[in-house]
Amino acid sequence: MKNKIQIRKGTIRRLLGYITKKYKKQFVIVLICIIFSSIAQVAGSLFLQILIDDYITPLLGEPNPVYTGLLGAIGIMVIIYLGGMLTSYLYNRLMALVAQGVLKDIRDEMFDKMEALPIRYFDTHTHGDIMSHYTNDTDTLRQTISQSLPFCIQSVISIVAILCAMIYLSPVLTIFVLIFSALTIFITRKVASKSSKNFINQQASLGKVNGYIEEMLNGQKVIKVFTHEEKAKEAFDKLNEQLNEDMYKAHKYSNILMPIANNLGNLQYVLIAIVGTVLALNGNLVLSVGTIVSFLQLTRNITQPVNQVMNQMNAIIMALAGAGRIFEMMDEEPEQDNGYVTLVNVKKEGDKLVEVKERTGIWAWKHPHHDGTLDYVELKGHIELDHVDFGYVPEKIVLHDISLYAKPGQKIAFVGATGAGKTTITNLINRFYDIEDGKIRYDGININKIKKADLRRSLGMVLQDTNLFTGTIKENIKYGKEDATDEEVIAAAKLANAHDFIERLPKGYDTKLTGNGSELSQGQRQLLSIARVAVNNPPVMILDEATSSIDTRTEKIVQDGMDKLMEGRTVFVIAHRLSTVRNAKAIMVMDHGRIIERGEHDYLIGLKGMYYQLYTGAFELE
Amino acid sequence: MIKKLMKSIREYKKDSILTPICVAVEVILETIIPLLMANLIDDGVYGGEMNLVYKIGLELILCAVLSLVFGVLSGNFAAKASSGFAKNLRKDLYYKVQDFSFINIDKFSTSSLVTRLTTDVTNVQNAFQMIIRIAVRTPLMLIISLFFAISISPKLSLVFLIIIPILAVGLFFILTRVHPIMKRVFRTYDDLNNVVEENVSAIRVVKSFVIEEKEKKKFGKVSKSIFDDFSKAEKILAFNSPLMQFAIYSCILAISWFGAQIIIQTGMTELTTGELMTMFTYSIQILSSLMLLSMVMVMIAISKSSAERIVEVLDTQSDIHDPKKPIMEVKDGSIEFRNVSFSYVKDKKKECLKNINLKIKSGETIGIIGGTGSGKSSLVNLIPRLYDVTEGELFVGGKNVKKYHLESLRNQVSCVLQKNVLFSGTITENIKWGDENATEEDVKRVCKLAQADEFVSQFPDGYNTYIEEGGTNVSGGQKQRLCIARALLKHPKILILDDSTSAVDTKTDSLIRKAFREEIPDTTKIIIAQRISSVEDCDKIIVMDKGRIDGIGTHEELLKKNKIYKEVYDSQTKGGDADEE
């Protein structure tokens, strides 16, 4: 196992860039304030020397001591302290603002960049991984930027200020402090590295135990059915014991870190006192009582920031690693779009199509040519695949030489085993992925020339996973068309057979959905996602296993909704149950990335080939 | 609640007690150091007595070293106590869950149980460690320092009387104001994560509806509200350190002013310079202890909800138990439902089975058909007593199921659940869940029965093929067949398949049923299915609808007289054109 956390190159500079980009002024003020507040703190310790040497020792034994001098000195200290408090409030407040601002900027940029990433990124990274950029990575970053970073800046400045004061008081004693501090740092680093090594072990065992718990609890009902409880306990106990051992070791070292640092600080304090006293008494050094007291106070004050910096070190390294991962995602290549053909509203004047601003219900592709001329092609939904090859990775072609066409209003079905390439074809039509070779044309235009946003708007998709969003049912239906009227929403819901069940909900169209609509049944969710597409009224639709996770009785209702929606549109259907594609204009039977049979249902049955076998249930579709 | 949790300390009681003791000793030694230091300054620097300097110096070093030793010891004991406590707590929770009935499992949901056993345990563990260490250390430090300060100079200690309440009230105000904002922020964080989660899993929908801009706005709004809340909290928190400085600085100045006068006026009799210095040290110790204490309180308060969630699990009592004198043997595979009603929530209005009367003879093959929510699964789950009937009686092998030893009953009534899982491990290990003493021939035999042997043998590693968690590396149909094989290995008298062949092709499906007929004719078989073809050759088919039995009979009988059955049959044989009938 790797012991060192890798930090991406340039992470620190980039992170600082976020601060200086927008908050340069604030950051400079913060630095100045920190310096001043540290000086105020050091001044307090130096004041002790003045107090003792100038205002206590000389006045001792005087019959009528005059305190005006002392009062004056304290007055000055009050002013310095007030300044210290003010600057300390200022920098705390400004720093918090800067930190939160930077975090917000990073968060927003991360999301913006994510939305622009191609589907390929989401297909090749697990959801958990992507999510962890927003949760774990941002979390450690938050703590670092809002806590560790200001702590460290403050500590370093304090250390410098204290050292200056120490040298001013007594260079000899300062050397002692430096030597001892070096020793302390050396020892604590040793313990800390032991601790972090053990923490890695602990994380591994913890991961194992948590993984085991998750797996077992997921299968808890099976455990009960098989009366396997005792076995499950036995295996758990073993892992749990191991975790206990690793956790103990990890915590032991991290627990003793603080007492060690603390008490070494005490020891240093004591030793400096003794050395100082001995030196002063032997007359080797001129050290007044005030100087010793004041120096001791500084010694005490220096321990804390030194410990602070060391404590924050680990957190900062972790956060930098997290920031590195965040930047990595931000640096991913976004989806490219060189399309220039756009979708516009037109009205017909005789034979000519004239572009208009308002919604007419008639759409056309606006196609500018190199010679400066413009072409309007009416949006009809004619799709053509011409010798298309494709592979998710260049080395492995998954679609071979696919050619097919769908005339406006036709229904084309894809059937075949999992992995045969059915979904891949639909991924190409809406350009979630780009083809290697061949051409795809939409109303005669190469889809590479069409602006992606407009291409996708002209295609409706209903997928097996319904993916509803948090919000009301109405909001979900008009998801793709924000300015849809209530009438349009209801009309779409009626078309999709969803109106009836929505009306029966206590709050009707205003029912709030959370967690992917878990309060609805799978069938109802699917009806909503069909209504969502219906509102958009796209000329071409893609239905990818839209009914496969619904039981047969509910499927009928959903199927009816889809049939109504499919009327008059070009439809590509991927179906699990073959009964639902019987009426397709053409059925493409796919196997290993090729179309091996194509034609109408009756023709394919007559062929007695793959389709026949699938249809009669001789082959598994899963 | 605390009492409940404390039960999990057990063998770590010794460490749990030693930790605060060591902490206490460490604190006492640490607070003695400034006292001795005063002597060193007064007798040594002022008095100029070298011998005394060496003597006090030695004492000081001894104190510091001993304090170091006890500090390390306390850290060690605390680590042992807290890890051990967490271990026991995790174990108690896990054991408890193993005793849960299906009702209990349904109530908590898997993901919430996982959180309770993982995150919540860690939170409570951290709080526990904090309590036995820091929550002991800081108040002790405060009290002892205060005590010594008063013993040095009661007059000067009056300063604390004023400053401590000011600091305490200030801290209290800051924390009580910040706490609710922080709570809100973390809820908003959930919203933020929710938006991200939705976008990640629905990225295809987002992209195909070209709705990126709207989603960005949605995210930006939540992100902004986090920024606003955090800024609000930090604005208040920014008072923290000036407040602390105010307290310390006021102490220093007040002690300087009054202290200097006392020293001079009394000629070092009532107060010495060394003692003055010690007063400074104590004032810092007292005030920072107060501050730390307030932080510890907040952290412990945060872990409270975790503790509550854990206790909720520990307090849950399983509602299905073994009877006093259990019957160990199920005589045969006969089943009888007598006026059985059932509700998951024990609410008559939400009954999902209503007044079921049904007799099944040993060795019969029974098919069950019905839509989602019609009560099919509920019906069969009652047979191995995964749930208890709410009303009526249920007999298996002629005896009420409540009279059986649970393990014996469930071993002889084997159930293949609808949501079935395989566990990480080899195929053989998974199958052997049914009977761990089974031989390899046994495993192969049941796999043949379940039509799994053929594809298993084709795997490069055969029966030693490693199944990933959740069985993700085999297809749905293969998984279902392995689950059936696993259930068969129990040699059950009753075998229940709850929609367990839905992903298996029809040909294999019928081969499985054929094997059942020929190889285990005496076993009662209950098959729930979506496909008519999976049940049409059963001895009896039960049609379920809305918690009632809508019809019982053979395929032919039902086709003639049962409307629902005919409807389902038509839709499956005629495809999407069912309404043409």
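1. Basis. The model is predicted, so to speak of local features a pLDDT of at least 70 is needed, side-chain atom pairs count only at pLDDT 80 or more, and totals for chains, interfaces and linings use all residues. Residues are numbered from 1 along each chain as its sequence is written, while chains are lettered from A and ligands numbered from 1 in the order in which they are written.

2. Contact between the chains. Chain B contributes 123 residues and chain A 113 residues; two residues are in contact if their C-beta atoms, placed from the backbone, lie within 7 Å. On the side of chain B that touches chain A, helix α3 (residues 50-99) of chain B gives the most, with 27 residues. Helices (H or I, at least four residues) and strands (E, at least two) are DSSP runs, numbered from the N terminus. That side of chain B holds 60 nonpolar, 42 polar and 21 charged residues. Here Ala, Val, Leu, Ile, Met, Phe, Trp, Tyr, Cys and Pro count as nonpolar, Asp, Glu, Lys and Arg as charged, and the others, Gly among them, as polar.

3. Nonpolar cores. A core is a set of buried Ala, Val, Leu, Ile, Met, Phe, Trp, Tyr and Cys residues joined through C-beta atoms within 7 Å. The largest has 251 residues, and Leu60(B) and Ala485(B) have the most contacts inside it. Helix α7 (residues 229-282) of chain A supplies the largest share of this core, 19 residues. A second, separate core of 81 residues includes Phe390(A), Val415(A), Ile473(A) and Leu614(A).

4. Leu60(B). Apart from neighbours within four places in sequence, Leu60(B) contacts Val270(A) and Ile274(A), together with Ile33(B), Leu36(B), Met37(B) and Leu40(B).

5. Strand β10 of chain A. In this strand (residues 459-463), 5 of 5 residues are buried, that is, 20 or more other C-beta atoms lie within 10 Å of the residue's own, with C-beta atoms placed from the backbone. Leu459(A), Met461(A) and Leu463(A) cover one side, Gly460(A) and Val462(A) the other. β10(A) runs parallel to strand β13 (residues 540-544) of chain A, joined by 5 bridges; Leu463(A) has Asp544(A) as its bridge partner.

6. Domains of chain A. The assignment, automatic or from a database, gives domain 1 (1-169 + 320-333), domain 2 (171-286), domain 3 (342-378) and domain 4 (383-615). The centres of domains 3 and 4 of chain A, taken over C-alpha atoms, are 27 Å apart. In their contact, 5 residues of domain 3 meet 7 residues of domain 4.

Definitions and conventions
A residue is buried if 20 or more other C-beta atoms lie within 10 Å of its own, exposed if 12 or fewer, and partly exposed in between; C-beta atoms are placed from the backbone. Two strands pair if DSSP finds at least two bridges between them.
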